Structures are given as structure tokens and as C-alpha cells.
Amino acid sequence: MKIYFAASIRGGRDDVEVYRQLIDHLNLNNQVLTEHIGDYSLSVAGQNQLDDDYIRNRDMSWLAECDLMVAETSNPSLGVGYELASAERLHKPVIILHNAKRSQLSAMIAGTRYFDHIFNYSNVAEAFQILDRELPLI
């Protein structure tokens with residue numbers, strides 16, 4: 001399965017270790033199209049060697065190509081919100097992982113009926129269990 005993993009870049013990189021672990025776990029039996037999200041060298045400046053228009057078009061192409069979107073939403077991000085809305089528009093299945101100890105999920109996401117696979121987790125091991133349980137159902 002091709003997975004579009006969405007998580008904060010320019011909104012903050014405090015959770016990059018979580019992103020890396022989630023991406024590695026997803027890559028065990030799938031192909032994560034957006035592996036760069038877990039790159040430790042990627043700063044809040046993003047992929048500043050690339051033009052914003054290029055990044056947007058590349059990412060929207062990956063989103064159109066994917067079979068599933070997994071979004072880690074603990075760190076609020078305008079980009080992730082945009083990607084979630086795009087996934088809804090494209091009728092892509094979505095799994096949202098949120099660490100409620102870190103932040104409150106936006107009502108714009110939590111209140112969208114399309115997003116019916118929203119899961120709170122408290123540590124990475126718990127997030128792995130959620131993914132292992134939910135991926136076969138998608």
C-alpha cells in the first residue's frame with residue numbers, strides 16, 4: 001500500500017523522532033511516499049532548496065497517488081490541515097493519530113464526519129498498535 005504520511009514541518013519539528021518511528025513502522029509492509037517528514041536534518045524552514053510551488057505540486061501528486069493518508073496531528077500545522085482537506089476532497093481513506101497530552105485536535109478536523117478514524121495515543125508503541133489494528137481494515 002502507498003501511504004502519504006503527513007506531519008508538521010514548518011509548524012515545528014519537536015516530534016521528528018515520533019515521525020521517524022511511525023514512518024519506519026509503516027514502511028515495514030508498505031511504501032511511505034513522504035519519508036522526508038522523518039528526516040532529522042529537515043528544519044522548520046522545510047526543503048528550502050526547493051521552490052514552494054514545486055513542493056506543493058509534488059505533495060499533491062503523491063496524495064493523489066496514495067492509497068491511504070496517515071496524519072500525525074499533535075503539533076498544529078496549516079500544511080497538514082490543507083492535506084487533510086485535500087484527502088477528503090480526493091476521497092482518500094485517512095487515519096489520524098493525535099497525542100492529546102500535547103495539544104487539542106482542531107474542531108475543524110475532529111468535527112469533520114469524513115474523518116472517522118481519529119485515534120488518540122500516548123506513546124509510540126500505542127500508535128504502532130493502532131496502525132497494526134487499523135491498516136488491514138482500510
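This is a predicted model: local features need pLDDT of at least 70, side-chain atom pairs count only at pLDDT 80 or more; totals for chains, interfaces and linings use all residues.
Residues are numbered from 1 along each chain as its sequence is written, and side-chain values use heavy atoms, with hydrogens and water left out. Local features need pLDDT of at least 70 and side-chain atom pairs count only at pLDDT 80 or more, whereas totals for chains, interfaces and linings use all residues.

The chain contains five helices and five strands. Helices (H or I, at least four residues) and strands (E, at least two) are DSSP runs, numbered from the N terminus. Along the sequence the pattern reads β-α-β-α-β-α-β-α-β-α. The C-alpha trace spans about 35 × 30 × 30 Å along its principal axes. The radius of gyration is 14 Å, which agrees with the value near 14 Å for a compact globule of 138 residues. This radius is taken over C-alpha atoms, and the globule rule is 2.2 Å times the number of residues to the power 0.38.

Of the 138 residues, 49% count as buried. Buried means under 20% relative accessible area, exposed means over 50%, and partly exposed lies in between (1.4 Å probe, protein chains only). The chain exposes about 7300 Å². Carbon and sulfur atoms supply 51% of that area. Accessible areas come from the Shrake-Rupley method with a 1.4 Å probe; for residues, only the protein chains shown count as cover.

Contacts were defined as heavy atoms within 4.5 Å. Among contacts in the chain with a separation of 6 or more, 64% are between residues 24 or more positions apart. The chain carries 12 positive and 19 negative charges, and their mean positions are 3 Å apart. Lys and Arg count as positive and Asp and Glu as negative; His and the chain ends are not counted. The place of a charge is NZ of Lys, CZ of Arg, CG of Asp or CD of Glu.

Helix H1 covers residues 16–26. Eight of its 11 residues are buried, so the helix is largely enclosed by the rest of the structure. The buried residues of H1 are Val 16, Val 18, Tyr 19, Arg 20, Leu 22, Ile 23, His 25 and Leu 26.

Gly 12 sits in the loop between S1 and H1. Its relative accessible area is 12%, so Gly 12 is buried. The C-alpha atom of Gly 12 is 7.0 Å from that of Asn 75, 63 residues apart along the chain.

Met 60 belongs to helix H2 (residues 52–65). Met 60 is buried, at 13% relative accessibility. Leaving aside neighbours within four places in sequence, Met 60 contacts Tyr 82, Glu 83 and Ser 86. Between Met 60 and Tyr 4, 56 residues apart along the chain, the C-alpha separation is 10.0 Å.

His 91 lies in the loop between helix H3 (78–89) and S4. Its phi is near 60°, a positive value in a residue other than glycine. His 91 is exposed, with a relative accessible area of 64%.

Ser 106 is placed in the loop between S4 and helix H4 (107–110). At 37% relative accessibility, Ser 106 is partly exposed. Ser 106 and Ile 138 are 32 residues apart along the chain, and their C-alpha atoms are separated by 24 Å.

Two aromatic pairs were counted. Tyr 114 and Phe 115 form an edge-to-face pair, at 5.7 Å centre to centre and 80° between the planes. Rings of Phe, Tyr and Trp (its six-membered ring) pair if their centres lie within 6.5 Å; planes under 30 degrees apart count as stacked, over 60 as edge-to-face and the rest as tilted. Tyr 114 is partly exposed at 28% relative accessibility, whereas Phe 115 is buried at 6%.

Asn 120 is part of strand S5 (residues 118–120). Its relative accessibility is 48%, so Asn 120 counts as partly exposed. Not counting residues up to four places away in sequence, Asn 120 touches His 98, Ala 100, Glu 126 and Ile 130. Asn 120 and Asp 52 are 68 residues apart in sequence and 31 Å apart in space, C-alpha to C-alpha.
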